[in-house]
Amino acid sequence: MGRYFKFKHEDEIRATCKQLGTTIEFQKDLRPLFERMRIGSYRVGNRLCIQPMEGCDGKLDGAPDVLTFRRYQRFGAGGAKLIWFEATAVVPEGRANPRQLLLNEDNAPAFEKLVHTCRRAHRDTFGSDDDLIVGLQLTHSGRYSYPIALLAYHDPLLDPLTIADQHTRRPVDIHTPLVTDEYLYSLVDRYIAAAKWAWKIGFQFVDIKQCHRYLLSELLSARARRGPFGGDLENRTRLARMIITGIRSEVPELMLASRINVYDGVPYRACDAGSAKEKTGSPVPHVIPVTSAFGTDEREPAKPDLAEPLQWISQMISLGVALINVTMGNPYVSPHLVRPFDYPPPDGYAPPEHPLLGVDRHMRLTEAVQRAFPHVAVVGSGYSYLQDYLFAAAAFNIATGRVSLVGVGRGALPQPDFVRQLLDKGCLDRKRICRTFSYCTALMRSKHNNLGQFPTGCPPFDKEVYGPIWAEACKGTHDETGNGGRKTV
């Protein structure tokens, strides 16, 4: 397709960005990345953030396991001063897979050890962790819960692509029940309980996750739901508002954050025959107006509409949220929106746009949020596709006020020491730069082992650990994915 990342010099990527009409700019001076700033009552030592990425490597009871400890030890030693621990469920039925983390009284000691491991690694490497901030993302997976989908409402675009019961592979239909209002009200206390444990064991903030179409994200678009949690924006944000105010009341010392979808868009499916690399993504058939997508122009759903996202973010800030992490899309049905890539996962599709346009979308929408709230710490996402040029773009965006901090997700898996690389050499180790091959996503989709989920990592550049795991995952073929598709590893 002539789209794969082949840039050898900065002038080449600059020229392509100009040709595409993007807002992406670069600068050689990386000093803005290492500026300190305050977030709430905390001092953070640089502007680089480890994004919350599920490792799918917890124990079946939700406690962190060996690979979880390895990952956060490496992140702690890597040098980023904001480490955003991955999605952790607040109730067992809200886990996205059988190995997702779960925080409760029984698992709290293991989580405490995990926090201490991460911070100790940072101290051992840098001498102090006084300017390191660590937080935990709290989640309920909603329609993507395992093994039973827990729907907030019937979405005409997502329902045909959703499995209601992972054991029977029964798809969602009109008879699939919705979660009750009583159930949603009951979650407030579960979030508060998890937040209390998070504070007690050493996390400095919790993230009320509202992204990627998990439960709180889905409620943001629940115009079709009746009752107190659907309809107008006040109702659609009611549960998150109750959780935020409840935590503020019960654990006032704990800083609050939220990773939020500012643009849902519509689902995409592969539209051509052949391998995943040949199947270009295409929007699923939809009727205008599209009302089941947050932050999306109802008449032209390819376009974002930030009116409601900015209104809700403003209200969250007034309620005490001090840190906003901007993201978009749905990893199950629109992964090119979430994480621009060249190489699709085996059960995916080739990107329907140049990935630089996806990076640009992240930057533009994040800038809109940052400009609207210049005194609030905003984390930007979607940078990993830039590979060698990631931090030149990040430095420009920070220096020009487009964003406060830059989050690194996939790029941190093969090279968790990226900050030390920048400090020591001014550039990354080219032999370990994430090339967006989507091996990590393919492992997340792989379920055919005795635990019901393979752990995810970077097989090409972390071969010692994830090479054997990849080989084992490759033994299973035609294994069904969590969203009703088919996969061949």
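Modeller: What follows is a short walk through a strand, a helix residue and the nonpolar cores of this predicted model.

Biologist: Start with strand E13. How many of its residues are buried?

Modeller: Seven of the eight residues in E13, which spans residues 321–328, are buried.

Biologist: Which strand does E13 share seven bridges with?

Modeller: That is E10, residues 255–263, and the two run parallel. In this pairing Tyr-263 stands opposite Met-328 of E13.

Biologist: And what joins E13 to E14?

Modeller: Three bridges, with E14 covering residues 377–380 and the two strands again running parallel. Here Leu-323 is opposite Ala-377 of E14.

Biologist: Different topic. Where is Lys-200, and is it buried or exposed?

Modeller: Lys-200 is in helix H4, residues 181–201. It counts as exposed because its relative accessibility is 60%, and the cut-off for exposed is over 50%.

Biologist: What about the largest nonpolar core?

Modeller: It has 106 residues, and Phe-391 and Phe-418 have the most contacts inside it. H4 supplies the largest share of this core, ten residues.

Biologist: What does Phe-418 touch, skipping its neighbours within four places in sequence?

Modeller: Its contacts include Leu-48, Ile-50, Phe-391, Val-408 and Leu-428.

Biologist: Which residues are in the second core?

Modeller: That separate core has 15 residues, among them Trp-84, Ala-257, Leu-323 and Val-379. Leu-323 is the residue that stands opposite Ala-377.

Technical notes. Residues are numbered from 1 along each chain as its sequence is written. This is a predicted model: local features need pLDDT of at least 70, side-chain atom pairs count only at pLDDT 80 or more; totals for chains, interfaces and linings use all residues. Side-chain values use heavy atoms; hydrogens and water are left out. Buried means under 20% relative accessible area, exposed over 50%, partly exposed in between (1.4 Å probe, protein chains only). Helices (H or I, at least four residues) and strands (E, at least two) are DSSP runs, numbered from the N terminus. Two strands pair if DSSP finds at least two bridges between them. A nonpolar core is a set of buried Ala, Val, Leu, Ile, Met, Phe, Trp, Tyr and Cys residues joined through side-chain atoms within 4.5 Å. Contact means heavy atoms within 4.5 Å.
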